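Please keep the sequence and the model at hand while reading.

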Amino acid sequence: MTSPTVLVVEDEKLLRWSLREALSDEGYAVLEAADGREARQHLGEDGVDLVLLDMRLPDADGLSILKDIKERDPDIVVILMTAYSSIETAVQAIKAGAFDYADKPFDMDRMMVLVGKALETTRLRREVRALRARESEPYAFDAIIGESPAMVSIKRLLRKVAASPATTVLLTGESGTGKDLAAKVIHYNSDRAGGPFMNVTCSALTETLLESELFGHEQGAFTDAKKRKQGLFELAHQGTVYLDEVGEIPQSLQVKLLRFLEERSFRRVGGTRDLTVDVRIVAATNRNLDRAVQAGEFREDLYYRLSVMPVRMPPMRERGEDVLLLARHYVDRFNREFRRDVQQIDPEAAERLTAQRWPGNVRELKNAVERAMLLAEGQTLSADDFQILAPSMDTDFRLPPAGIDFEQLEKQLVIQALQRSGGNQTKAAKLLGMNRDQIRYRIEKFGLTD
Ligand SMILES: Nc1ncnc2c1ncn2[C@@H]1O[C@H](COP(=O)(O)OP(=O)(O)O)[C@@H](O)[C@H]1O
Ligand SMILES: [Mg+2]
């Protein structure tokens, strides 16, 4: 790395000179400005990392220059210097984004220590930002695969949601429909992308643990609280908190969450102070919250607060051709991962994939492709490679309490299979897990010859 550049903005010639000497000795590149105009010139041209800024300049007020700097590049660190310090100015300066504040006259050695610390802070800040940017790459809008009308409109909605960084979002949809993915895409495409993304699965923790996970606790708040702990809401300041399976939040915490959503303030467990943070809540559930409200298991007021912006992730079976689009996407991905070279999915396999109900949605499809890739030997995935899929549909069939007319159901299934295969008996038989003789027998039995 090249040596950091420090800009000294100071009208007193002697002080400017001694700062330059000390900074050069430390190995920094130094720029000098005697007033606000010169300072702005340097800021416009050069890659400044840190500014030592005099509070009172002949033509400008240090605070206004500080604000300009922060607007231009929030990563530049500023240390203010003043001979007329007051608590108010100090508070104003820190609020406006100054790293620190030094009273004149100051000890030069100490000033150099302060500069060193400040520069270390910028370096870390930039590093974190770069890491976050890299981390966010997989969460561009393009990461959400789907061209079906249902998905096109969901993606349009997600763009709007991302663009309004304070809005609470409620993602609903069956398991595996992409709620986690959508939450990350919202975060990484919003103004909050530079801030943290924190998630918690509400059903995974006991009530006490969940409460302290979300709100934090003070030392001694309960038996295991050996030390003060910050909660996710605090840690996610200026970022996003993703509350997965929010429908499973215990009643007592529902009240606290409601208060937080209404006021953005909360107390740590065992705490007496109200803390305020700036976070967006994205909640997700695969439960029907309407029904949970009716059953008295979920607070109605919380439900309304959460569902300001409801986004329903459509199940796989409503996405038509997306099934194949996703299947091909995963073929590409597993080709890379497994160093394979699968080129295509044969028509029969494609047909079978499209006809599946996919109760586990994209997650299930992804697993199915992964398995098929492990089974397949050549460059084509055949229906046989997906064979294992066949039984998945009867696992979620439940015999209704009143029972069924088995023959009628059988007949309906045969008719549907024939329709789907365009009358091709071999294909229809495969869809039903039968051989040709078995389906022929039923076609005769039910008089379906035409
Ligand atoms: N539209 C989509 N495009 C690409 N991948 C998807 C899509 N929807 C879901 N996935 C993938 O499917 C898997 C399950 O999605 P996830 O977001 O965990 O679902 P949920 O949270 O609704 O259970 C993940 O690997 C996710 O990346
Ligand atoms: Mg999930």
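Helices (H or I, at least four residues) and strands (E, at least two) are DSSP runs, numbered from the N terminus. This is a predicted model, in which local features need pLDDT of at least 70 and side-chain atom pairs count only at pLDDT 80 or more, whereas totals for chains, interfaces and linings use all residues. Residues are numbered from 1 along each chain as its sequence is written, chains are lettered from A and ligands numbered from 1 in the order in which they are written, and side-chain values use heavy atoms, with hydrogens and water left out.

**Overall form**

- The protein has 18 helices and 16 strands, and its radius of gyration (taken over C-alpha atoms) is 31 Å, well over the 22 Å that the globule rule (2.2 Å times the number of residues to the power 0.38) gives for 450 residues, so the protein is more spread out than a compact globule.
- The C-alpha trace spans about 105 × 50 × 35 Å along its principal axes.
- Of the 450 residues, 44% are buried, where buried means under 20% relative accessible area, exposed over 50%, and partly exposed in between (1.4 Å probe, protein chains only).

**The pair H13 and H14**

- Helix H13 (residues 322–338) and helix H14 (residues 347–355) pack at an angle of about 120°, with their axes 9 Å apart; axes are lines fitted to C-alpha atoms, for helices over the stretch in contact, and angles run from 0 to 180 degrees between N-to-C directions.
- Val323, Leu324 and Ala327 of H13 make the contact with Ala350, Leu353 and Thr354 of H14, contact meaning heavy atoms within 4.5 Å.

**The loop residue Tyr139**

- Tyr139 is placed in the loop between helix H5 (108–136) and helix H6 (149–163).
- Leaving aside residues up to four places away in sequence, Tyr139 touches Leu181, Lys184, Val185, Tyr188 and Asn189.
- Tyr139 and Ala182 are 43 residues apart in sequence, and their C-alpha atoms are 8.5 Å apart in space.

**Backbone features**

- Most residues other than glycine have a negative phi, and most peptide bonds are trans.
- Lys104 and Pro105 are joined by a cis peptide bond with omega of about -5°, and Pro105 is found in the loop between strand E5 (100–103) and H5.
- Glu245, in the loop between strand E10 (240–244) and helix H10 (251–263), has a positive phi near 55° and is partly exposed, with a relative accessible area of 28%.
- Asn361 lies in helix H15 (residues 361–375) and has a positive phi of about 55°, but Asn361 counts as buried at 0% relative accessibility.
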